[in-house]
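Keep the structure open beside the text. The paragraphs below go from strands to helices.

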Amino acid sequence: MADRIDEIIKKHLNVQRDSLLPLLQDIQNDQGYLSEESITRIAASLGLSASQVYGVATFYDQFRFEPRGRFHIQICHGTACHINNSARIIQEAERLLKIKPGQTTRDGTFSLEIVNCMGACGLSPVMAINDSYYHGIAAEDLKEIIENCKVKISRL
Ligand code: FES
């Protein structure tokens, strides 16, 4: 993993603190999240402190600092979904899973992410769990959807 992180860092020559974004995105795309190790390696290679790199990464909602859960839930909060109550769905997901966006449940089963537009505005509000998409859902549907995921795990 360390070699892979260093390989990605090498592709981003001349990166400065204020132009870290593409490097952080590449590492997250490759690793699924920004681990402590990747933050430390980025900081060391750029002559920055880890807290300076964290400072940049935490400014953006798109970065995760924990590995994804077995069921990665993405809820769209783009304009069309927002108009159709996605905020209520997000609230309900936080309540049921007891995590905030960007976090993973302690048992590693669920992780939650808020995304901008999933390209299905006409079917909003939209969410996805791994590769399955759910359209036109309401906050009240979430409990059953999450329970179904738990059932899938119990059958494995
Ligand atoms: S705004 Fe949610 S799918 Fe486009």
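Strand S3, residues 126-129, runs antiparallel to S4, and 4 bridges join the two. This is a predicted model. One of the paired positions is Val 126, whose bridge partner in S4 is His 135.

Now widen the view to the sheet. It is open and has 4 strands, in the order S2-S1-S3-S4. The pairing is mixed. Which strands lie at the edges? They are S2, residues 110-115, and S4, residues 132-135. Each of these two pairs on one side only. Neighbouring strands of the sheet are turned against each other by 20° on average, with direction ignored.

Next comes a helix on strands. Helix H6 spans residues 86-97 and lies across S1 and S2. Strand S1 covers residues 71-76. Helix H6 runs at about 155° to S1.

Two packed helices are described by the angle between their axes and the distance between the axes. Helix H1 takes in residues 2-11, and helix H2 residues 21-31. Their axes come within 10 Å and cross at roughly 145°. H1 passes H2 in a right-handed crossing.

Which residues make the contact? From H1 come Arg 4, Ile 5, Ile 8 and Ile 9. H2 supplies Leu 23, Asp 26, Ile 27, Asp 30 and Gln 31. By class, the residues of this contact between H1 and H2 divide into 5 nonpolar, 1 polar and 3 charged.

Conventions:
Residues numbered from 1 in each chain as written. Predicted model: local features only at pLDDT ≥ 70, side-chain atom pairs only at ≥ 80, totals over all residues. Heavy atoms only, no water. Axes fitted to C-alpha atoms, helices over the stretch in contact; angles between N-to-C directions. Left-handed = near helix turned anticlockwise from the far one by under 90°. Contact = heavy atoms within 4.5 Å. Nonpolar A, V, L, I, M, F, W, Y, C, P; charged D, E, K, R; others polar. Pairing = 2+ DSSP bridges.
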